[in-house]
Amino acid sequence: MTQTFSSTGHDSFVGTPRNRVDGPAKVTGLAKYAGEFTAADLAHGYVVSSAIARGRISAIDTAAAEAVPGVIKVLTHENRSRTAWLDYNYQDAVAPPGSPFRALYDDKIAFSGQPVALVVAEDFETARHAATLVKVAYEAEEPKTSADAVRAFAYDPPKKRAGIKPPPKPWGDADAAYDAAPIKLQNEYRLAVEHHNPMEPHASTVVYEGDGKYTVYDKVQGVSNSHNYLAAVFGLKKDDVRVLNPYLGGGFGSGLRPQYQLFLAMLAARDLERSVRVVLTRDQMWSFTYRPDAIQTVSLGSGEDGQLQALRHDAIGVTSHYEDYQEVVVNWSGVLYKCDNVALTYKIAQLDTASPGDMRAPGAVTGVFAIETAMDELAHEAGLDPIALRLRNFSEADATSEDKPFGSKALKACFTQGAERFGWAKRTPAPRSMREGHELVGWGMATGVWESMMQQSSAHAILSADGKLEVGNSTGDIGTGTYTILTQIAADTLGLPMEDVTTKLGDTRLPEAPVAGGSWTAASSGTAVMKACRNVGEQVFKLARAMEGSPLANVDFDRVSFANGRIAVAGDDSRSVALVDVLKAAGVETVEATESAGPDKDFASQYEAYTHSAVFVEVRVDEELGQIRLTRVVSAVAAGKILNPKTARSQILGGVVMGIGSALHEESMMDHRLGRFMNHNLGEYHVPANADIYDIDVIFVDEEDKANPLGVKGLGEIGIVGTAAAVANAVFHATGKRIRHLPITIDKVLG
Amino acid sequence: MHALRAVFAPTCSPFREKPFLLERLMLIESGSPVAADTRVGISLTINGQHRELQVAPWTTLLDLLRETLDLTGTKKGCDHGQCGACTVLVDGVRVNSCLALAVMKDGAEVTTVEGLAGLSNGGAGSNGLHPMQAAFVEHDAFQCGYCTPGQLCSSVGMMNEGHAHSRDEIREAMSGNICRCGAYTNIVDAIEDVMAQDGAAQDLGAAR
């Protein structure tokens with residue numbers, strides 16, 4: 001078992017609210033994003049998108065486009081240059097099993113909006129204009145894009161996706177127990193297809209450096225993933241390609257995999273031997289990954305006392321025809337609740353769409369909405385308070401993983417503190433029993449859960465003779481605050497002020513780290529940075545001890561502490577030496593170290609690790625108009641140690657807001673005749689706007705966890721999970737109407 | 001002023017969008033048509049600096065700023081006027097720069113996020129920031145930062161308008177600027193903070 005963080009020195013910065021270190025760059029416009037880097041020879045690529053969802057291109061005529069002055073080339077499947085042959089070259093670090101999509105590969109159309117040509121021109125407007133002149137004739141086939149239409153063809157994916165736990169084997173006899181249970185509930189739950197829609201559209205700028213070398217700025221949540229992809233697909237030496245992405249204008253999972261604009265920009269740059277930028281339009285943001293719909297059935301059997309006797313959670317998710325995308329949808333039910341008879345199943349069915357992908361808390365947003373709404377229904381049926389029902393069925397061990405205990409689970413504290421802050425005790429249980437003016441008031445709650453993970457990650461630390469420290473690795477700060485927390489960790493580990501620490505991220509010249517996703521970055525990169533700094537500290541300590549008349553003579557490394565730019569004997573500040581004096585005395589310019597960190601196997605063999613939350617929501621529903629105002633949210637979160645309460649709170653706020661989007665607004669509507677999303681713009685796909693969001697209160701409950709030396713469990717996802725169920729439960733409490741199909745729009749409230 | 005005439009052509013693209021209008025747009029001045037890609041001369045004052053520019057009529061103010069002038073602080077989020085990321089101040093009024101053709105703004109004063117600090121009468125603070133920029137940092141009113149320049153220009157423009165006084169009114173008046181990271185409550189906190197500062201109404205860019 002590993003040591004906790006405070007052993008490394010003083011927690012001066014870690015655990016305290018700190019402004020983002022990248023804040024000034026972001027508020028002055030100096031922070032540059034992938035589509036904002038340029039080159040003297042930059043050409044602009046504009047994507048032509050398929051008008052059909054399934055079939056083939058029978059003819060493509062680029063003559064008119066190529067005749068436009070300023071057009072350099074139109075790339076299509078007919079003239080594209082060769083790239084790697086075998087599928088595995090295209091499989092990036094987070095690809096599901098299958099044959100990844102290859103842009104401009106052949107005449108086949110697998111989804112609406114598929115790129116069919118790239119027009120490259122001297123300027124953006126010319127490329128955009130010429131793209132409209134590309135004539136494409138299609139042989140269209142009837143697409144199947146509705147989960148309901150293909151549910152009969154659902155299958156258990158033969159090859160499991162790495163990192164995604166398939167459902168556990170059933171235990172007990174869920175069906176028999178259900179039949180025998182005094183209280184039985186069985187319902188279907190649905191959510192709408194959602195698109196990530198980060199504010200920054202996907203973009204790649206490939207700068208041709210000459211001599212077969214490239215510098216690439218790619219909108220991706222981890223540059224190493226794009227780097228490896230480009231090297232494999234284009235047969236390039238990794239040293240000849242450098243991928244950077246210092247800032248990412250939102251990802252939410254859409255930037256985990258290299259997307260097709262990267263392939264197209266690189267293809268054009270290689271062909272033309274010049275720099276090329278490809279930026280997708282907002283509309284084209286509907287032409288790749290999305291959060292898939294799932295058809296879910298939850299069956300709960302309980303005693304009159306609400307004690308669960310049977311639990312079934314069956315889900316049919318969707319995927320494309322070329323990859324078996326998988327996410328964890330049903331397991332959460334078995335993780336959250338103790339029950340002797342449980343069956344959890346997950347199948348997928350193929351649609352004529354692009355492959356779905358991970359979107360903030362993939363699978364958990366889906367599955368937890370279903371189970372947490374169902375539990376609210378059971379509470380109502382059994383006449384129990386929703387919190388009391390959850391406590392009655394509280395799991396003390398992970399039944400989906402051989403009953404391993406949880407490393408920590410402060411969920412009860414989330415219930416208590418969240419309820420207290422919200423004023424839950426004043427709730428009258430009967431639906432429609434609370435009212436103010438013309439509005440019905442509803443209070444609902446739900447539990448959230450997400451896996452706490454860590455990935456193999458490396459990082460470096462370089463201490464210079466002037467006392468400045470640089471740390472970094474190749475992962476990305478996707479708005480989560482990674483620059484800031486790594487700076488805090490490094491500053492504390494070597495006892496330096498934060499101003500003397502610079503964190504660099506998003507560059508493949510830095511030590512390799514995984515994509516920023518899964519809520520694992522703080523644990524993974526944080527631990528690697530801490531270890532690298534610790535290593536630097538030990539080297540400096542050895543130099544210090546070797547100094548003539550050293551105040552640290554005959555002291556062991558584990559007896560010193562780092563603070564105020566000095567190494568001191570712990571508890572005796574009179575025996576200390578400044579780091580800069582040590583480097584000066586030793587005559588060295590820098591002291592460097594690269595370290596890697598990975599999951600603690602001992603811990604993982606004994607414990608399971610999850611973050612938890614309790615979400616409380618108040619809605620006000622206009623009885624006549626069916627309009628819902630979501631006036632109050634309290635999200636109480638148990639996620640181990642909180643490195644920076646300010647940026648941490650923001651992460652939860654963001655998750656809650658996106659959860660409100662799921663609950664009330666977001667819905668990509670498919671025209672199943674055309675196989676095309678109809679509302680492919682931010683005017684018709686409503687994401688929460690400022691006026692939709694009232695007060696959100698975030699609580700972090702104390703939780704000690706030992707899965708990693710920092711004691712952190714991750715925060716990127718937990719804020720969204722459970723939020724939609726809490727809203728649906730509040731709407732039921734307000735109106736007496738149970739809505740099991742998200743989003744909860746006016747038509748459903750009135751209907 | 002210029003008279004504009006738009007001609008549409010049908011399309012088979014699934015993404016029927018604004019470019020179609022722009023591409024076929026013919027600018028007509030004094031009865032003589034100008035092709036959309038033929039440059040015309042305009043003058044703009046951008047962040048206090050006077051500029052004489054040759055601009056094609058089909059170029060938006062947003063693309064002029066980002067592509068020609070390398071003022072990439074102003075962001076392109078949707079190019080349809082639906083997200084607010086491209087908000088700049090034109091003669092002190094907040095405008096979606098993706099919906100404005102550069103030639104239509106001939107003679108205007110434009111302030112982007114890069115010029116915001118120079119806008120407050122009292123000058124930028126010791127940190128070199130406009131009070132709104134400083135408040136956004138202090139209140140953690142952003143995460144990824146991509147909507148931030150638009151939020152900042154919009155909030156300064158909103159204060160110039162002088163209509164929003166309460167939290168609810170701020171939320172309403174700032175709803176043209178989408179933040180997908182969900183920093184809304186912090187954005188409102190930052191704006192309220194600035195509004196509460198002494199002499200705020202005079203100092204925060206009302207000069208334009």
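Mentor: Two strands count as paired when DSSP finds at least two bridges between them. Keep that in mind as we go through this predicted model.

Trainee: Happy to! How many bridges join S23(A) to strand S24 of chain A?

Mentor: Four, and the two strands run antiparallel; S24 covers residues 572–578. For one pair, look at Val569(A), whose bridge partner in S24(A) is Asp572(A).

Trainee: And what lies between S23(A) and S24(A)?

Mentor: Two residues, which makes this a hairpin, and Gly571(A) in the turn has a positive phi of about 80°. As a general idea, side chains in a regular strand alternate between the two faces of the sheet.

Trainee: Which strand is joined to strand S23 by four bridges on residues 560–563 of chain A?

Mentor: That is strand S22, which runs antiparallel to S23 (residues 566–569). Here Phe562(A) has Ile567(A) of S23(A) as its bridge partner. S22(A) and S23(A) also form a hairpin with two residues between the strands, where Asn564(A) takes a positive phi near 55°.

Trainee: Now helices. Are H12(A) and H13(A) roughly parallel or roughly antiparallel?

Mentor: The general idea is to compare the angle with a cut-off: under 35 degrees counts as roughly parallel. Helix H12 (residues 482–494) and helix H13 (residues 521–545) of chain A pack at about 30°, with axes 9 Å apart. H12(A) and H13(A) are therefore roughly parallel to each other. Their crossing is right-handed.

Trainee: Which residues make the contact between H12(A) and H13(A)?

Mentor: Among them are Ile485(A), Leu486(A) and Ile489(A) of H12(A), and Val529(A), Met530(A) and Cys533(A) of H13(A). By class, the contact has ten nonpolar, six polar and one charged residues.

Trainee: Let's step out to domains. Which residues does the assignment give to each domain of chain A?

Mentor: Domain 1 takes 34–142 + 196–286, domain 2 takes 401–453 + 604–751, and domain 3 takes 454–598. The C-alpha centres of domains 2 and 3 of chain A lie 38 Å apart. Between these domains, 15 residues of domain 2 are in contact with 15 residues of domain 3. The domain 2 side has eight nonpolar, six polar and one charged residues.

Trainee: Finally, how many residues of chain B are in contact with chain A?

Mentor: In general, the size of an interface is often given as the accessible area lost when the parts come together. Here we count residues instead: 55 of chain B are in contact with 57 of chain A. Elements of chain B that give two or more residues to this side include helix H4 (148–161) and helix H6 (184–196). By class, the chain B side has 26 nonpolar, 17 polar and twelve charged residues.

Conventions:
Residues are numbered from 1 along each chain as its sequence is written. Chains are lettered from A and ligands numbered from 1 in the order in which they are written. This is a predicted model: local features need pLDDT of at least 70, side-chain atom pairs count only at pLDDT 80 or more; totals for chains, interfaces and linings use all residues. Two residues are in contact if their C-beta atoms, placed from the backbone, lie within 7 Å. Ala, Val, Leu, Ile, Met, Phe, Trp, Tyr, Cys and Pro count as nonpolar, Asp, Glu, Lys and Arg as charged, and the others, Gly among them, as polar. Domain bounds come from an automatic or database domain assignment. Axes are lines fitted to C-alpha atoms, for helices over the stretch in contact, and angles run from 0 to 180 degrees between N-to-C directions. Angles under 35 degrees count as roughly parallel, over 145 as roughly antiparallel, 65 to 115 as roughly perpendicular and the rest as oblique. A crossing is left-handed if the near helix is turned anticlockwise from the far one by less than a right angle, and right-handed if clockwise.
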